[in-house]
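Please read it with the coordinates open.

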Amino acid sequence: MAHHLMTLPSGQTVGVSAAGDPLAERLVLFCLPTPGAGLFDPDPLVTSRWGVHLVTLDRPGYGSTPPLAEQGAGAGSGSAGAGSDRTGIHDRADDLAEYLVHARVVARDSGAGDLGPVGVVGWGTGGMVALSLAARHPQLVDRVVTFQTAAPNGFVFDPSLQAVPPFTTESLGIPSDDPLLARPGLGNRLNRMLQEAALQGAAGCEADRRALVDASWSKELRSIRAEVRLAYADDMSTVDRYDGNWYRRRIRTSRVVRVSGGGALALATQWARVLAHVAPEHGGLPEHTREGGPVERR
């Protein structure tokens, strides 16, 4: 389950999980794929020693966040262009923005200082939410990494969107015999994320499918000011760098990054590189204060 439940100022309840150093100066939001909930840390050894506070929020219907229908679908932050049901990708981005604004208030009132712009990582469909957040709330985000995120006109070919509980790694496009699953703890962390994604049955996946029907959120991509890296593994066939080129043509601050091998799990093998972009200079945390000492460069 999520580490705790939070009621946003709009009245919406969300499940929030965190990893890394809560005292780190740098906050990184991690937008999980379809399906995904709770906390997934691609490489805890890197995260714990980097100097970053990693946070995930369960989307509606996943993990600890109730479906929108149970929360009163019309009670939201009144995002522009949204219908009364608030089911779109841009609505999920506005949820994250509401969380960040609230976190800023809490940090200021507690004497922890000002929470500046954050880094955002998005995996799969979570990358769409990450980009929408950067487009709609540019003052809140300064760096973004997306990994294996399809262009919105091709999402129907994403096998993860056809997943039904019980979810397995194959629901994420990861073969059960993928050798990277043998990395210490990686398979267990993925299974835990998938189990939490199924706590409410297929409600989360169904909400994601409804959100992806409307691609209007992508019309705002040109508003992004954050530095964006669009990462794709060379050995993936369903989503590849051509999807990245679709985004690159619309986001002037973006660059497509090709990863040699690793498939859908390249996010775990490249996690240090991801954090180097979204939390440069180890989030401003001095080396002597980072858990376990300096991070080995990979």
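The points below take confidence, then pockets, then cavities.

1. **Confidence.** This is a predicted model. The protein chain averages a pLDDT of 89, and 90% of the residues score at least 70. Two stretches need a flag. Residues 73–83 stay under 50, yet the model gives them 22 contacts beyond four places in sequence. Residues 294–298 are also below 50, with 13 contacts beyond near neighbours in sequence.

2. **Largest pocket.** The volume is about 560 Å³. The lining has 23 residues, and P22, H53, A103, A107 and L115 lie nearest the centre. Two or more lining residues come from each of β1 (4–7), β2 (13–20), β4 (53–57) and α3 (89–109). α3 gives the most, with 5 residues. By class, the lining splits into 14 nonpolar, 6 polar and 3 charged residues.

3. **Second largest pocket.** This one holds about 220 Å³. There are 13 lining residues, with R229, A231, V257, R273 and V274 the closest to the centre. At least two residues each come from β6 (141–147), β7 (227–233), β8 (254–259), α8 (266–269) and α9 (271–278). The lining counts 8 nonpolar, 2 polar and 3 charged residues.

4. **Strands at that pocket.** β7 and β8 both supply lining residues there. How do these two strands pair? They run parallel, over 6 bridges. Y232 has R258 of β8 as its bridge partner. From β7 the chain passes through helix α7 (residues 241–248) to β8, in a right-handed β-α-β crossover.

5. **Largest cavity.** The whole structure has 3 cavities of 30 Å³ or more. The largest has a volume of about 130 Å³. Of its 15 lining residues, L57, D58, R59, R92 and L96 are the closest to the centre. β3 (27–31), β4 and α3 each give at least two residues to this lining. Its classes are 9 nonpolar, 2 polar and 4 charged.

6. **Second largest cavity.** The volume here is about 50 Å³. The lining consists of R59, I89, R92, T125, V129, D208, A211 and L212. α3, α4 (125–136) and α6 (203–213) each give two or more of these residues. Which element has the largest share of this lining? α6 does, with 3 residues.

7. α3 supplies residues to the largest pocket, to the largest cavity and to the second largest cavity.

Technical notes
Residues numbered from 1 in each chain as written. Predicted model: local features only at pLDDT ≥ 70, side-chain atom pairs only at ≥ 80, totals over all residues. Heavy atoms only, no water. pLDDT = per-residue confidence, 0-100. Contact = heavy atoms within 4.5 Å. 1 Å grid on protein atoms, 1.4 Å probe; cavity = no way out; pocket = protein on both sides within 12 Å on 5 of 7 lines; lining within 4 Å. Points joined across faces, edges and corners; volume = space filled by probe spheres on them. Helix = DSSP H or I, 4+ residues; strand = E, 2+ residues; numbered from the N terminus. Nonpolar A, V, L, I, M, F, W, Y, C, P; charged D, E, K, R; others polar. Pairing = 2+ DSSP bridges. Right-handed = clockwise from strand over helix to strand, strands pointing away.
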